Amino acid sequence: MKGSEDRMWYSKSKAEVLEAFSVSKQEGLSAEESKVRLEKYGRNELKAKPKKSVARMFFEQLHDMLIYVLLGAAVITIAIGEHIDAAIILSVVVLNAVIGVIQEFKAEKAIEALQKMAAPRALVRRGGETSEIDSALVVPGDIVLLDAGRFVPADMRLLETVNLQIEESALTGESVPDDKRAEEIYTDPKTPLGDRTNMAYMSTLVTYGRGEGVVVATAMETEIGKIASILDEDIQEMTPLQQRLAEFGRVVGFMAMGICGLIFAISAFQKRDLFEMFLTAISLAVAAIPEGLPAIVAIVLALGVTRMSRKNAIVKKLPAVETLGSVNIICSDKTGTLTQNKMAVSKLFTLGGSRDVPAEGENLEASGDEIELMKTLVLCSDATYENGESTGDPTEVALVILGERHGIGRKQLHSAHKRMGEKPFDSSRKLMSTLNEETVGYRVNTKGAIDNILKISDYAFVGGKVIPLTEELKAEYLKAAEEMSDMALRVLGAAYKYVEAPIGEADMEVGLVVLGMVGMEDPPRLEVKASIAKAKGAGISPVMITGDHRNTAVAIAKELGIADSIEQSITGAEIDELSDEEFSEKISGYRVFARVSPEHKVRIVNAYRAKGNIVSMTGDGVNDAPSLKCADIGVAMGITGTDVSKGASDMILTDDNFTTIVHAIEEGRNIYSNIRRSVIFLLSCNLGEVIVVVASVMFLWPVPLLPTQILWINLITDTFPAIALGIEPGDRDVMKKKPRDPNESFFAGGRGFRAVLGGALIGLLTLVAFYFGLAEYGYSLGSRGISEYALTYARTMAFVVLAASQLFYSLTMRSSTKSILEIGPFSNRFLIGAIGLGLALQFAVVSIPFMTSAFKVQMLSQRDWVIVLLLSITPFAANEIIKLFMRIGRKGL
């Protein structure tokens with residue numbers, strides 16, 4: 001069984017292809033045979049581009065301006081004989097690269113895991129039963145069922161097509177969908193791929209209708225496999241925040257280089273030692289550039305995205321994480337998202353009367369009119385229900401179960417009344433029709449919205465007889481439908497007609513006989529009401545969008561707390577009467593959009609966005625793709641969603657639950673806050689280091705810190721607490737605040753001032769420590785001829801104070817308003833660990849002989865340890881006092 005091109009499957013009949021693969025269309029492969037073939041042919045996956053080697057990852061980490069500066073510094077220090085300094089600088093470069101490689105490797109694994117969770121699924125028939133499996137498990141010979149919204153999982157020879165249309169632009173470049181016809185056979189071996197209407201190819205998209213086919217090629221044997229390399233997309237995408245910070249880092253880097261040149265010139269003018277000038281310039285460059293900034297932002301984002309996936313939200317595009325914090329409108333589907341998607345028919349209505357359907361029981365009795373109603377509903381459904389397992393749309397599953405409970409089995413019914421044609425469901429018509437064989441002639445079975453059913457019907461079925469459909473009878477149906485809607489039931493009508501010969505789509509939905517309707521119950525999710533209240537408290541407006549009747553939608557919206565009255569609802573028909581400008585002006589007053597089509601969703605999103613809102617939109621169908629792309633955050637359903645909607649979305653809910661959207665927004669807010677926390681902490685620390693170096697040069701003081709010491713602090717003291725701040729458990733009150741303005745400055749809310757104040761205080765205290773160290777040996781900051789021993793001792797005190805003050809300062813950075821006691825000193829165990837590790841390593845540097853020699857430091861006296869400790873906790877204490885006065889001020893207001 002070679003690839004599709006080699007065997008020219010399009011030139012063979014259906015029977016020949018089935019025989020070649022030793023498979024029955026009705027039964028499909030057995031479970032055992034599918035395992036054998038999977039072993040033989042391998043998984044149905046395209047080969048990805050070769051993964052980066054560890055060596056390549058390592059050298060890519062060196063492609064950075066700061067690294068070039070450090071490598072240049074290492075070369076010069078070797079040239080002037082300072083081998084220990086060179087070794088430390090190179091060690092930092094290597095360690096930084098190793099950390100980068102580890103993080104990139106982890107990020108790749110996380111992305112792979114998320115891709116697997118969002119992988120397309122395929123509907124296959126195996127052992128006579130239909131089941132949904134991972135597309136990677138499809139094998140040659142599998143009987144695959146296709147419906148609108150799915151990607152074709154492998155190359156297939158079609159066996160059955162009903163209005164099937166497939167968009168094959170991935171192969172042909174033609175975006176207009178092609179009509180498929182299983183009956184065709186093409187004998188010309190040069191038949192172009194786009195003209196093979198009896199074939200379906202891997203990675204193409206079903207846009208309309210349905211079909212069945214036998215798999216003839218998988219993985220790299222497929223047509224798309226031959227051009228797989230062009231499909232291997234690089235999915236890494238920087239968020240706007242990452243882009244801004246990367247640009248910020250570049251600007252800081254160039255400024256640092258410029259200041260270094262200036263410092264070098266000033267030092268030369270001051271007639272300082274050439275080597276000392278070089279060390280000073282390198283010190284400033286190292287101090288000014290926040291080396292860990294890009295890595296820490298990437299780490300925090302990766303950890304946050306992984307954490308969100310554990311909470312049933314798969315983020316496909318990293319910018320979505322940032323946007324989540326600004327969302328103030330959540331447009332949500334009703335069915336399955338706000339409700340449990342456990343549809344069950346609870347009410348039957350025919351003109352013979354209304355009846356409640358008990359929640360439990362089998363072999364239920366029904367009148368003749370009701371049996372005809374259920375027969376049409378089951379025949380006009382594609383869902384299956386066997387041995388307690390179901391496939392297909394939950395609404396159709398509920399109809400099939402209704403029939404089973406009344407002795408009208410789907411399997412027997414479909415066997416006795418073979419489907420000869422159909423007009424698939426369309427969201428604009430809200431109808432579906434099938435043409436089924438009868439003992440004599442044929443029967444059209446139609447189901448859909450009752451108001452649309454009434455528009456295309458001329459007769460009614462009462463007591464086994466067909467009578468003209470009068471306006472009075474129409475009113476009776478509509479009154480019953482409204483009563484069901486008021487009870488929060490979803491209403492579905494049914495109609496039929498007999499025809500003598502097969503007819504086409506155009507003739508199906510005219511002159512029908514109304515049979516009646518069913519009321520379906522889909523209870524609200526228990527946890528959704530609390531989530532809606534939480535969203536409202538966070539300044540977010542939840543909005544319901546549904547194809548159901550206005551009364552049904554409003555009844556559930558009231559129960560969940562989305563709407564207060566029917567005046568807050570609008571229907572699709574009413575939307576059509578408004579211009580875009582009028583709709584935008586009025587949209588803020590609506591909370592329920594009923595009887596809408598996917599086309600209306602785009603108008604709803606655009607209207608909200610026109611008013612300056614940041615909109616999240618959910619969707620699951622093929623036609624939802626435009627609205628998902630229009631929205632700031634497109635959210636696809638992982639369970640009921642089509643492959644198309646998942647492809648168009650920014651985020652996928654693996655549980656189709658509204659509560660997960662609210663959790664994702666909360667997580668997004670916390671991730672952004674954590675990134676901001678980490679970045680401001682890093683900038684405060686770097687500013688403190690810059691102040692120390694610049695002040696010493698400007699005032700002709702000895703430089704208090706050596707480049708190797710600053711490198712050590714930036715790598716150890718800064719980085720670990722910054723990462724720990726990035727995984728802060730999250731502010732419990734984050735959902736009590738309004739959504740973040742997307743145009744808000746990163747340093748808004750006084751954060752910029754606090755960063756400068758914290759950095760200035762850290763720098764000043766480091767200089768104070770340096771002064772104390774010199775004073776112990778009788779020197780001042782402006783003294784000349786300072787002994788090497790005294791200078792080393794003073795630098796040790798400055799080195800320890802700078803490191804320790806930054807470590808303690810990280811504790812107060814956990815919240816911009818709450819005290820450390822309020823948030824719990826030990827609630828972030830990673831930060832406590834990072835501080836403990838930093839202090840231990842700092843003590844090791846000044847006490848272990850080979851390290852003291854490498855970093856040019858020495859052990860301090862007990863008295864000086866006390867001084868160092870007091871100076872180190874001062875920035876922490878100062879910030880806590882500032883926060884206390886801020887809280888008092890707010891209470892006073």
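Select Arg 863 and Glu 776: in this predicted model their side chains meet in a salt bridge, with N and O 3.0 Å apart. Arg 863 is part of helix H32 (residues 862-892), while Glu 776 sits in the loop between H27 and H28, so the pair ties together parts that are 87 residues apart in sequence. Glu 776 counts as partly exposed, because its relative accessibility is 35%.

Next, keep the salt bridges in view. The whole structure holds 47 salt bridges.

Move to Asp 731 and Lys 818, another salt bridge, whose closest N and O atoms are 3.2 Å apart. Asp 731 belongs to the loop between helix H26 (707-726) and helix H27 (751-775), and Lys 818 to the loop between H28 and helix H29 (820-823), so this pair also ties together parts 87 residues apart in sequence. Lys 818 is buried, at 14% relative accessible area, whereas Asp 731, at 21% relative accessibility, counts as partly exposed.

Then select Glu 666 and Lys 534, where a salt bridge joins the side chains at 2.8 Å, N to O. Glu 666 is in helix H25 (residues 658-698) and Lys 534 in helix H18 (residues 528-537), distant parts of the chain 132 residues apart. Glu 666 counts as buried at 18% relative accessibility; Lys 534, at 33%, counts as partly exposed.

Now show two helices, H28 (residues 788-812) and H30 (residues 829-847). Their axes come within 9 Å and cross at roughly 175 degrees, which means that H28 is roughly antiparallel to H30. To see the contact, display side chains including Phe 799, Leu 807 and Phe 808 of H28, and Leu 831, Ile 835 and Leu 839 of H30. The residues of this contact are 14 nonpolar, four polar and no charged.

Last, turn to the sheet. It is open, has eight strands in the order E8-E26-E25-E24-E9-E21-E23-E22, and its pairing is mixed. Strand E8 (313-315) and strand E22 (569-571) are at the edges with a single partner strand each, so one side of each has no neighbour in the sheet. On average, neighbouring strands are turned by 20 degrees against each other, direction ignored.

Within the sheet, select strand E9 (residues 329-333) and strand E24 (residues 615-619), which pair in the parallel sense over three bridges. Ile 330 has Ser 616 in E24 as its bridge partner.

Note on methods:
Residues numbered from 1 in each chain as written. Predicted model: local features only at pLDDT ≥ 70, side-chain atom pairs only at ≥ 80, totals over all residues. Heavy atoms only, no water. Pairing = 2+ DSSP bridges. Helix = DSSP H or I, 4+ residues; strand = E, 2+ residues; numbered from the N terminus. Axes fitted to C-alpha atoms, helices over the stretch in contact; angles between N-to-C directions. Parallel < 35°, antiparallel > 145°, perpendicular 65-115°, else oblique. Contact = heavy atoms within 4.5 Å. Nonpolar A, V, L, I, M, F, W, Y, C, P; charged D, E, K, R; others polar. Salt bridge = Lys/Arg side-chain N within 4 Å of Asp/Glu carboxyl O. Buried < 20%, exposed > 50% of the residue type's maximum accessible area, 1.4 Å probe, protein only.
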